[in-house]
Amino acid sequence: MYLIRLKESLSCQSISTYAWGCLRQISTSLKTQDDGSGTNYIDLPGGKVPLTGNLTFIGGPLQGPRIATYRTVDMTGRPVDGAHVPNNLDREISIKIYKTMATLQTMDTLFYEAQRQGRFSFYLTSQGEEATTVGSAAALHPEDIVFAQYREQGVLLWRGYTLAQFSNQLFGNNKDPGKGRQMPIHYGSKELNYHTISSPLATQLPHAVGAAYALKLSGSNAVTVAYFGEGAASEGDAHAAFNFAATLEVPCVFICRNNGYAISTPASEQYRGDGIVARGPMYGISAIRVDGGDVRAMYNAVREARQMAVASCRPVLVEAMSYRSGHHSTSDDSSRYRTTDEMRSWRARDPVARFRYWVQLQDWWSDKEEQAMRVTTRQQVLEAMEEAAKVPKASVSEMFTDVYSGPHLPWNLEEQYANTLKALEESPELKPSDMPIVSQ
Amino acid sequence: MLLIAVQSAGLFRDKVSPMLRQFSLAMRSMASSEMTVRDALNSALDEELARDDKVYILGEEVGEYQGAYKITRGLLQKYGADRVKDTPITEAGFCGIAVGSAFAGLKPVCEFMTFNFAMQGIDQIINSAAKTLYMSAGQISCPIVFRGPNGAAAGVAAQHSQCFAAWYSHCPGLKVLAPYDAEDARGLLKAAIRDPDPVVFLENEILYGQSFPVTPEVLDKDFTLPIGKAKLMRKGKDLTLVAFSKMVGYCLTVAEKLSKEGIEIEVINLRSIKPLDRETIVNSVRKTHRAMFVEEGWPQCGVGSEIVTVIQEHAFDELDAPVVRVTGAEIPMPYAANLEIQALPQIDDIITAARKLAKK
């Protein structure tokens with residue numbers, strides 16, 4: 001904050017003399033104002049605030065009941081009586097959601113195993129959060145711009161990113177739309193309005209707010225959606241994004257995946273207040289807490305949130321409570337910081353199984369279809385991986401492009417590219433066999 | 001072999017040289033009026049806001065307050081609160097928001113009250129703005145300009161005086177510009193705003209109030225300068241002096257003084273730190289065979305390190321003497337006026353170093 005230098009300095013004495021004079025002159029009328037209801041208040045640049053004679057503090061470490069979690073089915077998938085469901089899922093969308101969740105589950109398992117076998121450097125599953133991502137994605141419109149964290153491949157899958165595209169990105173081959181630039185799971189798709197993943201946590205939150213501002217100025221009816229974990233919500237960028245979204249008044253939906261862990265840090269160590277939902281009101285943002293394992297609840301909450309964001313051009317916050325069933329990533333072994341009992345009890349509440357139960361209850365799905373689908377999906381994932389592994393890696397000719405815009409490389413990069421080619425020519429042993437020089 | 005930087009120390013100076021107006025000696029003969037750098041920047045912003053409704057300005061105090069340094073004076077009144085946004089105090093926040101809006105197609109001009117405060121948002125500048133075009137394989141561009149005062153001002157000490165030219169020019173994906181006079185300010189800022197890539201625009205607080213001649217061409221609403229080209233401010237045959245921003249003015253004064261001693265100095269105004277105009281620098285050294293770089297920033301890994309390296313890599317055989325750097329003292333900027341003067345290159349320091357180099 002810049003120190004503003006005063007043109008004239010008022011001495012302490014002259015300020016106090018002035019104030020004293022004013023107070024004595026206007027004593028009774030200035031001190032309290034009455035709005036007619038008997039409440040006293042003071043009028044400040046930030047607005048009117050009521051007065052009280054009580055010396056009481058509000059807040060403190062988790063006082064009183066926590067904010068309730070909206071859900072429409074129980075932990076087994078049975079509908080709960082009296083739950084408010086403004087948008088019931090019809091057969092078509094339910095089957096689409098279910099199949100997407102099952103594909104996600106299969107894809108996550110097989111890609112994870114492939115990494116363990118050394119086929120690519122890194123992978124991150126979304127086990128336990130399939131309902132959070134797919135359920136929320138189903139409630140969005142295709143033109144809504146998604147700014148995800150890294151565990152939202154379910155959103156991409158829902159929108160139509162193919163198994164081949166996932167595989168190509170993981171293998172960094174020359175069919176990867178990302179041209180082998182990003183490490184695994186850092187997907188991006190302009191056509192599907194899914195921004196390329198930015199690794200530093202929570203940087204996507206201000207991005208989503210800025211993009212929402214652009215949407216607002218253009219008069220669009222789309223929203224931006226920022227996904228983030230409860231751990232990322234501790235970042236400074238998250239605070240700035242919430243405050244800013246509220247003051248700028250933009251159509252941004254914040255979806256927090258509170259999955260209980262930030263690598264090894266349990267949520268109980270991440271914050272002392274009532275999770276992320278309780279922060280909403282502090283910023284003037286409407287917020288709701290939802291069972292992240294309940295597809296219908298996620299769908300309805302996000303659909304309502306989206307409508308509010310568009311109708312009143314303001315941010316809305318959804319906190320989805322779930323559990324990260326898998327390790328943080330392939331670089332983690334979570335058995336080191338949590339018990340197998342805990343993990344087992346949550347696997348029993350697998351969101352995919354919960355939704356399957358509900359879909360079968362509607363007579364829209366059967367065990368037979370389930371078996372067949374699982375076999376086919378597994379086959380499809382394995383085939384996509386086999387194909388991707390055969391494709392040559394991204395070529396050297398793409399190494400220096402896209403640093404800057406425009407068809408031509410700046411002179412310094414042109415020079416460096418020429419030097420690289422020359423070095424490869426002079427020492428062919430430097431070039432791996434699966435690395436083409438020029439794009440095929 | 002490189003000569004280590006000549007630091008500003010009491011030895012080389014016998015009196016305080018006041019930081020007065022420096023005139024661009026490469027005056028166009030058709031100069032018809034004068035303009036302060038502040039007005040140059042303000043008029044450039046005004047014209048670009050009028051030209052393209054995707055352009056907007058955001059930052060602390062840019063609107064109602066008319067800008068902390070009055071660079072955005074009158075713009076809120078003219079274009080409204082949608083185009084000139086006052087932000088809460090969060091560099092990480094408004095920088096990230098500006099970047100996000102650029103991803104979505106707007107063209108933000110993000111003002112930092114000084115680039116010192118930009119460090120609180122530097123992740124957004126480097127990891128998001130600079131790298132996203134590459135990471136997204138050309139799908140997402142970031143047509144943003146980050147601008148504000150850079151480097152030393154006067155009496156604002158350590159946390160308000162750092163020069164960031166070296167840091168930003170290090171990173172691929174960014175373009176880094178440093179205007180000196182009013183012509184630079186107008187031409188480079190307009191070019192930066194029209195450029196599809198993220199540009200870091202390093203201004204200088206002391207130069208804001210200084211007047212420079214401007215031609216009708218410079219005042220044209222479509223006047224832009226090419227990014228990546230340095231300007232030969234003054235021709236000479238004995239010595240090449242390279243600088244950017246305020247030090248260009250100092251070098252011009254030095255050149256004028258030393259020409260009375262028969263030393264003809266060629267002064268290069270970099271204008272663009274990234275991309276660097278290597279050709280202009282090397283061509284000059286081929287002519288003069290002696291080179292010196294002046295900057296206010298710190299010596300280690302400063303912009304001067306790159307200039308010296310470029311010269312020795314591409315014109316080693318042309319050199320009659322090692323390249324010299326004159327830089328700021330390697331200390332956090334002290335407050336006391338006498339100490340601050342000692343910590344920065346003064347005209348006399350540059351004169352002494354240039355004389356010494358010319359006689360080698």
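Me: In this predicted model, where a salt bridge is a side-chain nitrogen of Lys or Arg within 4 Å of a carboxyl oxygen of Asp or Glu, how many salt bridges does the structure hold over all chains?
Reply: Side chains of opposite charge can pair when their charged atoms come close. With the cut-off of 4 Å between nitrogen and oxygen, the count taken over all chains of the predicted model comes to 42 salt bridges.

Me: Which residue of chain A forms a salt bridge with Arg66(A), and how many residues apart are the two?
Reply: The partner of Arg66(A) is Asp274(A), and the closest N and O atoms of the pair are 2.7 Å apart. Arg66(A) lies in the loop between β3 (47-50) and α3 (91-116) of chain A, while Asp274(A) lies in the loop between α9 (267-270) and α10 (279-283) of that chain. The pair therefore links distant parts of the chain, and the partner asked for is Asp274(A), at a separation of 208 residues.

Me: Is Asp274(A) buried or exposed?
Reply: Buried means under 20% relative accessible area. Arg66(A), at 44% relative accessibility, counts as partly exposed. Asp274(A) has a relative accessibility of 8%, and so it counts as buried.

Me: Which parts of chain B does the salt bridge between Asp222(B) and Arg194(B) tie together?
Reply: The closest N and O atoms of Asp222(B) and Arg194(B) are 3.1 Å apart. Because Asp222(B) lies in a loop and Arg194(B) in a helix, the pair ties together parts that are 28 residues apart in sequence. Those parts are the loop between α9 (216-219) and β10 (231-234) of chain B and helix α8 (residues 182-194) of chain B.

Me: Why does Glu266(B), which meets Lys287(B) in a salt bridge, count as buried?
Reply: The side chains of Glu266(B) and Lys287(B) come to 2.5 Å, N to O, with Glu266(B) in strand β12 (residues 265-269) and Lys287(B) in helix α11 (residues 278-288) of chain B. Lys287(B) counts as partly exposed, at 39% relative accessibility. Buried means under 20% relative accessible area, and Glu266(B) counts as buried because its relative accessible area is 2%.

Me: Which helix supplies the largest share of the lining of the largest pocket?
Reply: The lining draws at least two residues each from α15 (411-426) of chain A and from α7 (165-169), β13 (272-274) and α12 (303-315) of chain B. The residues of this lining divide into 13 nonpolar, 8 polar and 5 charged. The largest share, 7 residues, comes from α12(B).

Me: What residue follows helix α8(A)?
Reply: Helix α8 of chain A, residues 236-248, has 13 residues and reaches 18 Å from its first C-alpha to its last, close to the 18 Å expected at 1.5 Å a residue. Its buried residues include Phe242(A), Phe244(A) and Leu248(A). The helix is followed by a residue whose phi is positive, near 60°, namely Glu249(A).

Me: How far apart are the centres of domain 1 and domain 2 of chain A, taken over C-alpha atoms?
Reply: The domain assignment of chain A gives domain 1 as 91-390 and domain 2 as 396-430. Taken over C-alpha atoms, the centres of these two domains are separated by 37 Å.

How values were computed
Residues numbered from 1 in each chain as written. Chains lettered and ligands numbered in written order. Predicted model: local features only at pLDDT ≥ 70, side-chain atom pairs only at ≥ 80, totals over all residues. Heavy atoms only, no water. Domains from an automatic or database assignment. Helix = DSSP H or I, 4+ residues; strand = E, 2+ residues; numbered from the N terminus. Nonpolar A, V, L, I, M, F, W, Y, C, P; charged D, E, K, R; others polar. Expected span 1.5 Å × (residues − 1). Buried < 20%, exposed > 50% of the residue type's maximum accessible area, 1.4 Å probe, protein only.
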